[in-house]
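Thanks for coming. I have one structure to go through today, so please have a look at it first.

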Amino acid sequence: MIDQEILEVFLLEMQELLASWVDLASKLRLTPADGAVMADLRRVAHTVKGAARMVGFQLLGDAGARVEDVLDQIDERGLTTAAPVLDFIDRSYLLVERLS
C-alpha cells in the first residue's frame, strides 16, 4: 500500500509532468528537428518512468521508458522525429494520462 502523502505528491508531480509532456510534444510536432525540445521531452519521459516506478506503478513507468528509449535512439542516430514517432508520443501521453 502506498502512503497517502507520497501518493498525493506523486499525483501533483504527474500533473506537472503531463502538462510539460503535451506542451513539448506540440512543440516537437512543429519543429521535429529541434534537439533541445526532444531532450526536454526525453527528460520528462525519464522522470515519469522514475517517479512511477518509485511508487510501484510499473506499467506507467514502462510507458515513460518506451518514449525515453525511442527519443534516445533518434538522438543517437542524429535523426528528426517523423510523424509515426510523434503519433507514438501522443498515444503514449494518452496512456500515461489514463494510468495516472
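I will take the salt bridges and then the pocket. Keep in mind that this is a predicted model.

The count of salt bridges is eight. I will start within one helix. Arg 43 and Asp 40 meet through their side chains, N to O, at 2.5 Å. The two are three residues apart in helix α2, which puts about one helical turn between them. Arg 43 is partly exposed, at 47% relative accessible area, and Asp 40 is also partly exposed, at 31%.

Now to Glu 68. Which residues does Glu 68 pair with? One is Arg 42, with the closest N and O atoms 2.9 Å apart. Through shared partners, Arg 42, Lys 49, Glu 68 and Asp 72 form one network of salt bridges.

Is Glu 68 buried or exposed? Glu 68 is buried, at 4% relative accessibility. Lys 49 is buried too, at 17%, while Arg 42 is partly exposed at 27%.

Last, the largest pocket, whose volume is about 150 Å³. Helices α1 (4–30) and α2 (35–54) each give at least two residues to its lining. By class, that lining has seven nonpolar residues, two polar and one charged. Among the lining residues are Ile 6, Phe 10, Glu 13, Thr 47 and Met 54.

Definitions and conventions: Residues numbered from 1 in each chain as written. Predicted model: local features only at pLDDT ≥ 70, side-chain atom pairs only at ≥ 80, totals over all residues. Heavy atoms only, no water. 1 Å grid on protein atoms, 1.4 Å probe; cavity = no way out; pocket = protein on both sides within 12 Å on 5 of 7 lines; lining within 4 Å. Points joined across faces, edges and corners; volume = space filled by probe spheres on them. Helix = DSSP H or I, 4+ residues; strand = E, 2+ residues; numbered from the N terminus. Nonpolar A, V, L, I, M, F, W, Y, C, P; charged D, E, K, R; others polar. Salt bridge = Lys/Arg side-chain N within 4 Å of Asp/Glu carboxyl O. Buried < 20%, exposed > 50% of the residue type's maximum accessible area, 1.4 Å probe, protein only.
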